[in-house]
Amino acid sequence: RTQVSEETTVETLSDLNAVQIDAGYVIVDPIFRMEMNKKMLEWILTEESLRCQDIHGDTLEGELQSNDNIQYDILKIKSKLNEEGLDFHEGIVEACLKDIGEISHHRLILGDKKCKRYGALMIFQENDSPTFDDFILAWGRVMEIFFPEHCRPTGDITDELALLNKMTVTYEANSTTKTMGIKYVDEDQLPHTFQTRLKELFLIKKHWRLEELTPFLESVCPPKQRLDQTLIKHTRAITQRDNNGKAIRLYGPKF
């Protein structure tokens, strides 16, 4: 029998998006969170009354002028849910909203990075392996439809791809047409040991650059070992040249 501390148990439940209600915990389903957030984002986008006001009833002008700090009243959002017969515990509502922003004192501050990642998740919910070009077009449309202007990319949305490093991988979907694809990878669903996780990743894509593998393997790399050194033991490394003639090292399965 394994015993763990109360602190470890609470941290694990938090990682599972569990919400404490009275003496128990409820795990909030990701698909439920997605549908709830779509509804609440629609209100945030269209109803200025949800923006927070100070104790005198005046808009918090200083905070609202900052793109990163527009605040929304969670109690007002919950009230709108109640009006539609969706009388959920406040903890469940907040668990959903944490996907798209930070919460403090019943206020939601939308985070542009969180929103962009969440916009990508909306697409992957429908198709976890779109072509790269289709994904980029859909991502831009989703950000425009569901999210306030201050959360949208200011330039080419392709420049935002670094935000998705720990949840996506690009690959050659069709070698004949050289069509690139992008796949959603849920790290929580990957095996928890280095070698088994590595095998799973090679099923997604045969050859990886070190910087592509790092986000998915650094948490399971054996202690006191560098990832590149560990990969040498468990993979077959090859060197190729990119379109600019630069040599790049790729890691693939040994057999």
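How many salt bridges does a search of the whole structure find? The search finds 16 of them, where a salt bridge is a side-chain nitrogen of Lys or Arg within 4 Å of a carboxyl oxygen of Asp or Glu.

## About the model

This is a predicted model, in which local features need pLDDT of at least 70 and side-chain atom pairs count only at pLDDT 80 or more, while totals for chains, interfaces and linings use all residues. Residues are numbered from 1 along each chain as its sequence is written, and side-chain values use heavy atoms, with hydrogens and water left out.

Let's begin with K116 and E160, whose side chains meet in a salt bridge at 3.5 Å, N to O. This pair links distant parts of the chain, 44 residues apart: K116 belongs to helix α6 (residues 112–126), and E160 to the loop between α7 (132–146) and β6. Helices (H or I, at least four residues) and strands (E, at least two) are DSSP runs, numbered from the N terminus.

## A sheet of three strands

Next comes an open sheet with the strand order β3-β5-β4 and antiparallel pairing; two strands pair if DSSP finds at least two bridges between them. The edges are taken by β3 (71–73) and β4 (101–104), each with a single partner strand, so one side of each has no neighbour in the sheet. On average, neighbouring strands here are turned by 30 degrees against each other, direction ignored. The axes are lines fitted to C-alpha atoms, for helices over the stretch in contact, and angles run from 0 to 180 degrees between N-to-C directions.

Three bridges pair β3 with β5 (residues 107–110), and Y72 stands opposite L108 in β5. Helix α4 (residues 74–83) lies across β3, β4 and β5, at about 45 degrees to β3; contact means heavy atoms within 4.5 Å.

## The hairpin of β8 and β9

Another hairpin is made by β8 and β9, with five residues between them, and G245 in its turn has a positive phi of about 85 degrees. Six bridges join these antiparallel strands. Across them, A237 stands opposite Y251, and R236 stands opposite G252.

## The second largest pocket

The second largest pocket has a volume of about 550 Å³. A pocket is an open set of points on a 1 Å grid where a 1.4 Å probe fits, with protein on both sides within 12 Å along at least five of seven lines, and lining residues have an atom within 4 Å of a point. Among its 17 lining residues, M180, R209, Q240, I248 and L250 are the closest to the centre.

Strand β6 gives the most to this lining, with three residues. By class, the lining has four nonpolar, five polar and eight charged residues, with Asp, Glu, Lys and Arg counted as charged.

How values were computed:
Points joined across faces, edges and corners; volume = space filled by probe spheres on them.
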